Amino acid sequence: MSQLLVDSDYLDVNEAAIYARRHPGSIRRALRAGELHGSQTKPGGRYSIEPKCIRDYLAGSLCEHRQNVTQLGRAKKALAS
Ligand SMILES: [Zn+2]
């Protein structure tokens, strides 16, 4: 592991694969399937992935960003009812 892999850094797919000890193809698949949270600067562009999101993905849990989305959805539902 290099010094590069600290929480404040965003990783690309290849770096994420190294971090997760997975194949880059598995990372890309997980990103497309929405199992792993990543952001793209433009559609079809490079992914930026946070190490903590990768850790949550490997642990089989939602990262904090996706938890927020879920909570927002619940809040909207609560307001609507
Ligand atoms: Zn995330």
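Predicted model: local features only at pLDDT ≥ 70, side-chain atom pairs only at ≥ 80, totals over all residues.
Me: How many other C-beta atoms does D12 have within 10 Å?

Reply: Residues are numbered from 1 along each chain as its sequence is written. A residue is buried if 20 or more other C-beta atoms, placed from the backbone, lie within 10 Å of its own, exposed if 12 or fewer, and partly exposed in between. D12 is partly exposed, because the number of such atoms is 14.

Me: Which residues does D12 touch, not counting those up to four places away in sequence?

Reply: Two residues are in contact if their C-beta atoms, placed from the backbone, lie within 7 Å. D12 lies in the segment before α1, and its C-alpha atom is 9.9 Å from that of I27, which is 15 residues away along the chain. Leaving out residues up to four places away in sequence, those that D12 touches are R46, Y47 and S48.

Me: What pattern does the protein follow when read along the sequence?

Reply: Helices (H or I, at least four residues) and strands (E, at least two) are DSSP runs, numbered from the N terminus. By this rule the protein has 4 helices and 2 strands. Written in sequence order, they give the pattern α-α-β-β-α-α.

Me: At roughly what angle do the axes of α1 and α2 cross?

Reply: Axes are lines fitted to C-alpha atoms, for helices over the stretch in contact, and angles run from 0 to 180 degrees between N-to-C directions. Under 35 degrees counts as roughly parallel, over 145 as roughly antiparallel, 65 to 115 as roughly perpendicular and the rest as oblique. α1 and α2 are therefore roughly perpendicular to each other. Their axes come within 8 Å, and the crossing angle of α1 with helix α2 (residues 24-33) is roughly 110°.

Me: Which residues of α2 make the contact with α1?

Reply: By class, this contact has 6 nonpolar, 1 polar and 1 charged residues, where Ala, Val, Leu, Ile, Met, Phe, Trp, Tyr, Cys and Pro count as nonpolar, Asp, Glu, Lys and Arg as charged, and the others, Gly among them, as polar. From α1 come V13, N14, A16, A17 and A20, and from α2 come P24, I27 and R28.

Me: Which residues of α3 make the contact with α1?

Reply: The axes of α1 and helix α3 (residues 51-58) come within 10 Å and cross at roughly 50°, which means that α1 is oblique to α3. The contact residues divide into 6 nonpolar, no polar and no charged. On the α1 side they are A16, Y19 and A20, and on the α3 side P51, I54 and L58.

Me: Near what value is the phi of R21?

Reply: R21 sits in the loop between α1 and α2, and it counts as exposed because it has 7 C-beta neighbours inside 10 Å. Its phi is positive although the residue is not glycine, and the value is near 55°.

Me: How far apart in space are E15 and I49, C-alpha to C-alpha?

Reply: E15 belongs to helix α1, and it counts as buried because 20 C-beta neighbours lie inside 10 Å. E15 and I49 are 34 residues apart in sequence, yet the C-alpha distance is 9.1 Å.

Me: Which residues is H65 in contact with, leaving aside its neighbours within four places in sequence?

Reply: H65 is placed in helix α4 and counts as partly exposed because it has 15 C-beta neighbours inside 10 Å. H37 is 28 residues away in sequence, with a C-alpha separation of 7.9 Å from H65. Beyond four places in sequence, the contacts of H65 are H37 and C53.
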